[in-house]
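Colleague: Before I rely on the labels attached to this structure, I would like to go through them with you. Please set each value against its definition.

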Amino acid sequence: MPTLTLIEAVTLALDHEMGRDKEVVILGEDVGRNGGVFRATDGLQDKYGDQRVLDTPLAEAMIAGLSIGMATQGMKPVAEIQFMGFVFPALNQILGAAARMRNRTRGRLHLPMVVRMPYGGGIHAPEHHSESTEAIFAHTPGLRVVVPSNPSRAYGLLLAAIRDPDPVIFLEPKRIYRIVKHEIEDDGEAYPLDTCFVDRQGDDVTFVAWGAMMHETLLAAEMLAKEGVSAEVIDLATVAPYDVETIIESVEKTGRCVIVAEAVRTGGVASDIAAELAERCLLSLIAPVGRVTGYDTIMPYAKLEGRYLPSVDRIADEARKVMAFS
Amino acid sequence: MQKLASFEVNYLQYLDEGGKPANDLPDFADDHEVMVGLYRSMQLLRHLDARAVALQRVGRMRTYPASEGQEAVGVGASSCLSDRDVLVPYYRGTAMMLGHGVQPHEILLYWGGDERGSDYQNPLAKEDFPIAVPIATQMLHAAGVASAIKLRGQKDRAVLTEIGEGGTSEGEFYEALNVAGVWNLPMVCVINNNQWAISVPSEMQTAAQTYAQKAVAAGIEGLQVDGNDVIAVKDAVGKALDKARNGGGATLIEAVTYRLCDHTTADDASRYEDAKARAEAEKKEPLGRLAKYLLNLGAVNEKQLDEFAVAAKAEVEKEVKIYFDILENKPQPPSAMFDYLYAELPERFRAQRDEVMRRGGE
Ligand SMILES: Cc1ncc(C[n+]2csc(CCOP(=O)(O)OP(=O)(O)O)c2C)c(N)n1
Ligand SMILES: [Mg+2]
């Protein structure tokens, strides 16, 4: 079984699905000859040809709009936006057209398309290369938003995203593109898009995180274990529409919850989960729900970005706070 | 059937690849001081880029986009700017920025990951935009500044902006040209056609024969110049800016050059670039061409050229020292991430600012 990084798992899933389903095409800036600026599509143009791995002109609205048109013809475009910070020209297409097509035509047309993009901070990248704006997509009904937190999940969730009959925004946490490896069998097994994953069992506090923040959150859970605090850690994985039942079940057991997100604090997915908990399990909660998030400001450039990203300490401190409450 | 419209695209070159005049030269080409000044600006940039790339390799610089091989475009163009003009640069616009008063250490600070690199201290650049990283957004900002100039009836002012040939595929590029045409805006856009948009070659970017002709559909003038010939660039941009300042409207100038470096320090061009094409392009390189011209003109001798190189290196080292000094001795406090968000930080965010400061040492 090959041992793969998250980015290699992305490539493997793309390769698997292109081999299995000839309707799958890849398009984007630098995805062909160069194999993508992060090498997600490395080798795929050589293998499948330039009619299935398309280097496009430089225009994001075009990439998204073309994908919509292709998808109505039964193709399965997997578009790459080079960095999440450059998706904005495509929002008119993704939010304004892709998310609504099935509903507008009462099911006559639907869009089996995926828009992949690297996202998040922590790699000392230039301005506009580090933001986490998943809430924009999560706020738009008609889209699924999926974020893998490790190589196995990248493989299984990307397969599911490509096979899904509706548009999926697939956000790849680039900070962890290469930090861990998993043994992955190329068995074509997709993961479900309607459940989250309980990655650590615990009794005292429930952590909910996704993407790169799973890494710090699991470290914080380990740190807390040494202090005698037993933390449960849930990987949200599908950020929208998310599986609230698993979270509620966990919080009914632990009575405490801390949600961890790299994105800014205001109007984020973390806030939405907190609201669900307030509505649905008030009587099970024995402490206020905590949030550890990026600050409400522009993602700083490289010099200060470390001060911006939620750290293991910040996460553990929040858990200590809710533990101290009761 | 009756012919309704037709167009032509002119190409301008004064110096051939060997640095010999291929055409009747404009007046400034005989002015030793002007021509030596252009040479020295190009050389300074060449050294600054090399130093920045070297700093990146040892971890003292973040991702950096060099301008190697394209120096004549930005140096020639920005030499035409006055203190009343406004520059709206893109990320590979170092040459233009230096030409309008931005300091080399500010360039280093920006790419080193410090926001203060966009707080230009020279009054010449006080209204200039910070670089645009999201491609083509700058085109509309330039059109907006030009609109303000036009609406206020200001004379003798114009806007200069720059974009890569890949960037001309974005919708915002066309939107800006279009409004510049209908509103007769005082702006000049230079396309740095360096043949590559990261790994995507120019022929995969457009089916048009030139980028200059993208002006035609907007009803503005477009022309192509040899972007490795600083005399051609300066001549074309100078005339276009004059036209803009005098109510004559916008111009699109495609400067044909070649990217003699990786896209940025994060790129490896050997993955997609043919080594032969690169070697061919080296022969047309702008700095050597200008040196030959200056020697023939008698404006300089070989010894002076060597002295200029030494002086350029010394100047770059001085700026690198300033850059290091700022990073090491005057780092931004973490609270700086909140201090420029609004005129006054909303009450709601104060607690977060306090937390950043409290955790400052982490
Ligand atoms: C809207 C947007 N999309 C994608 C990118 C990523 N990107 C940065 S540079 C580049 C290629 C640009 O090529 P070109 O316009 O020719 O300019 P050059 O870098 O060659 O000067 C790309 C795709 C970006 N910065 N902005
Ligand atoms: Mg280019």
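Colleague: Are Arg116(A) and Glu172(A) buried or exposed?

Modeller: Arg116(A) is buried, and so is Glu172(A), where buried means under 20% relative accessible area, exposed over 50% and partly exposed in between, computed with a 1.4 Å probe on protein chains only. Please keep in mind that this is a predicted model, in which local features need pLDDT of at least 70 and side-chain atom pairs count only at pLDDT 80 or more, whereas totals for chains, interfaces and linings use all residues. Residues are numbered from 1 along each chain as its sequence is written, chains are lettered from A and ligands numbered from 1 in the order in which they are written, and side-chain values use heavy atoms, with hydrogens and water left out.

Colleague: What makes Arg116(A) and Glu172(A) a salt bridge?

Modeller: The closest N and O atoms of Arg116(A) and Glu172(A) are 2.6 Å apart, and a salt bridge is a side-chain nitrogen of Lys or Arg within 4 Å of a carboxyl oxygen of Asp or Glu, so the pair qualifies. Arg116(A) belongs to strand 5 (residues 114-119) of chain A and Glu172(A) to strand 7 of chain A, 56 residues apart; helices (H or I, at least four residues) and strands (E, at least two) are DSSP runs, numbered from the N terminus.

Colleague: Why is Lys47(A) called exposed?

Modeller: Its relative accessibility is 53%, so Lys47(A) counts as exposed. Lys47(A) also forms a salt bridge with Asp15(A), with the closest N and O atoms 3.0 Å apart. Asp15(A) lies in helix 1 (residues 6-20) of chain A and Lys47(A) in helix 2 (residues 44-48) of chain A, so this pair ties together parts that are 32 residues apart in sequence.

Colleague: How do you know which of Arg102(A) and Asp166(A) is buried?

Modeller: Asp166(A) has a relative accessible area of 17% and is therefore buried, while Arg102(A), at 34%, is partly exposed. Their side chains meet in a salt bridge, at 2.7 Å from N to O.

Colleague: How many residues of chain B are in contact with chain A?

Modeller: Contact means heavy atoms within 4.5 Å, and 40 residues of chain B are in contact with 38 residues of chain A. The area buried between the two chains is about 3500 Å², of which carbon and sulfur atoms give 55%; buried area is the accessible area (1.4 Å probe) that two parts lose on being put together, summed over both. Arg62(B), Arg271(B) and Met337(B) supply 18% of the area that chain B buries against chain A, more than any other three residues.

Colleague: What salt bridges does the rule find across the interface of chain B and chain A?

Modeller: The rule finds three across this interface. Among the salt bridges of the model, Glu355(B) pairs with Arg314(A), with the closest N and O atoms 3.5 Å apart. Over all chains the count comes to 41 salt bridges.
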